[in-house]
Amino acid sequence: MSNSVQGIRECEIIQWFVEPGARVEEFDKICEVQSDKASVDIPSRFSGVIKTLHYEAGEMAKVGKPLIDIDVPEEEVEKVETNQAGPKDGREAGAESVLGEALGSTIEPPSLREIKKAEGKPEANTAKPREVSGKHAALATPAVRHISKELGVDITLISGTGKDGRVSKDDVLQFAKLRDSGSSQASQTQSAEPTTQNAAFLRQAPDHGPQTEESKPLSNVQAMMFKSMTASLKIPHFLYADEVDVSALFSLRKRVNKTLKRAPAGDVEKISTMPFLIKAMSLAMDKYPIINARVDVSGPKPALVMRKQHNIGVAMDTPQGLIVPVIKNVGALNILSIAQELHRLQQLAKAGKLSNADLSGGTITLSNIGNIGGTYVSPVIVEKEVAILGIGKMRAIPAFGEDGQIVKKEVMNFSWSADHRVVDGATMAKAAEVVRGFVEEPDMMLVHLH
Ligand code: COA
């Protein structure tokens, strides 16, 4: 017999639960052992009287060597020997327990594995260990194991209905019956849990049949997205994200909208946060024009192409998919005219009637995903631009006021992606701070109106 079970050669006896002279019943715990993987209680496989403990607590017990000697009734020795098809030469009603198979990788209980006559025959310890891998297989009695062997049933695949999940003779017979009748409950290829208290059989994964696949051409919008996002892969993205307090912007917006409700400006009866954010981006580009530039790699050397007009693309979720119409020359527009232009583009986008002119010429993009949901976004820069701002969902948070008191704040996460080939982190952060300043103190935007 190999003196190692899945690499374990010995384990420490933590404590004995029995002593010489004590009577034990089958499955009573006899000791607790500790391998390098786990500790486990070793149950007795026999009823009888303990004769000898082969180790003291704290000693290292060798796998394959006797743990204890037990005096057992003659019939039990015979029963075990018969079930194991071993030669019957017993007159002694003595049995010896050997530390072994319990010490597999899952450390399942029993380890009283081989018995032999107490008299002589030390070579009995060289018997081959049986491989036991099932959760409760090792709790089955030798007689049950014998039946399962005869019926060709792998006992480790059965979840028993007996005490502590022990597999009984009935469990094995039922399992074999179901298997022979072709029932899917009894498959030797699946692990199993009992489905009811009395059913100890395997639950097989439902058969969903083969996967079905269908190839579909991309829609026009998807084809455009595919092309532009594939081109975006060439751009090394630098992500810069921060939380921005939009409480002041929201109360300003409320005041403005009250007035607009009474006296609409053209089609516009209500302004969302977008026109304010678009204006704030434009003001930041006045200070950091590089974020309105593009990279030109068509010449012998890469170059930056600076652009005067701030043409801000606005990502829109439309019935046709994602499109990005552009609000042109934002630097020359006030917030109301930005709102009007946004409204016009939204209406056309809804109707699927945007022109090529509306969809081209962008120099930077704003994507507000927050009206749908999501706190964080990692926006993707499109070709011919070097930056994009993504806005998450507005949410209320408790924050510290000026005097340390708790106040309610409305915040949004602003996430910038910049082309790190030409825009360094500090520049991006400074430009983002300008935007934050105008959003947190929106009245300051008035000062910059043309
Ligand atoms: N957090 C919470 N609520 C938000 C919000 C945010 N970030 N952004 C907008 N809202 C609210 C608005 O305040 C409005 O509510 P109200 O009427 O009670 O004031 C409501 O959502 C609807 O706003 P909407 O009409 O969509 O206007 P908008 O100007 O804020 O947004 C678009 C316009 C075009 C940006 C938006 O409709 C859209 O399509 N967003 C999706 C963009 C997208 O798909 N990006 C991903 C690109 S990969």
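Predicted model: local features only at pLDDT ≥ 70, side-chain atom pairs only at ≥ 80, totals over all residues.

Residues are numbered from 1 along each chain as its sequence is written, and side-chain values use heavy atoms, with hydrogens and water left out.

**Exercise 1.** Determine which residues of helix 3 are buried and where they lie around its axis.

Solution. Helices are DSSP runs of H or I with at least four residues, numbered from the N terminus. With buried meaning under 20% relative accessible area and exposed over 50% (1.4 Å probe, protein chains only), the buried residues of helix 3 are Asp171, Val172, Phe175, Ala176 and Leu178. Seen down the axis, these fall within an arc of 165° and so line one face of the helix, the arc being that of the directions from the helix axis to the C-beta atoms. The face turned away from the buried side carries Asp170, Lys177 and Asp180, which are exposed. Finally, the buried residues pack against helix 2 (142-150), where contact means heavy atoms within 4.5 Å.

**Exercise 2.** Describe how helix 6 packs on helix 7.

Solution. Begin with the geometry: helix 6 (residues 274-287) and helix 7 (residues 335-351) pack at about 120°, and their axes are 9 Å apart. Axes are lines fitted to C-alpha atoms over the stretch in contact, with angles from 0 to 180 degrees between N-to-C directions. Next, identify the partners: Met274, Pro275, Phe276, Ile278 and Lys279 of helix 6 meet Ile335, Ile338, Ala339 and Leu342 of helix 7.

Methods: Helix = DSSP H or I, 4+ residues; strand = E, 2+ residues; numbered from the N terminus.
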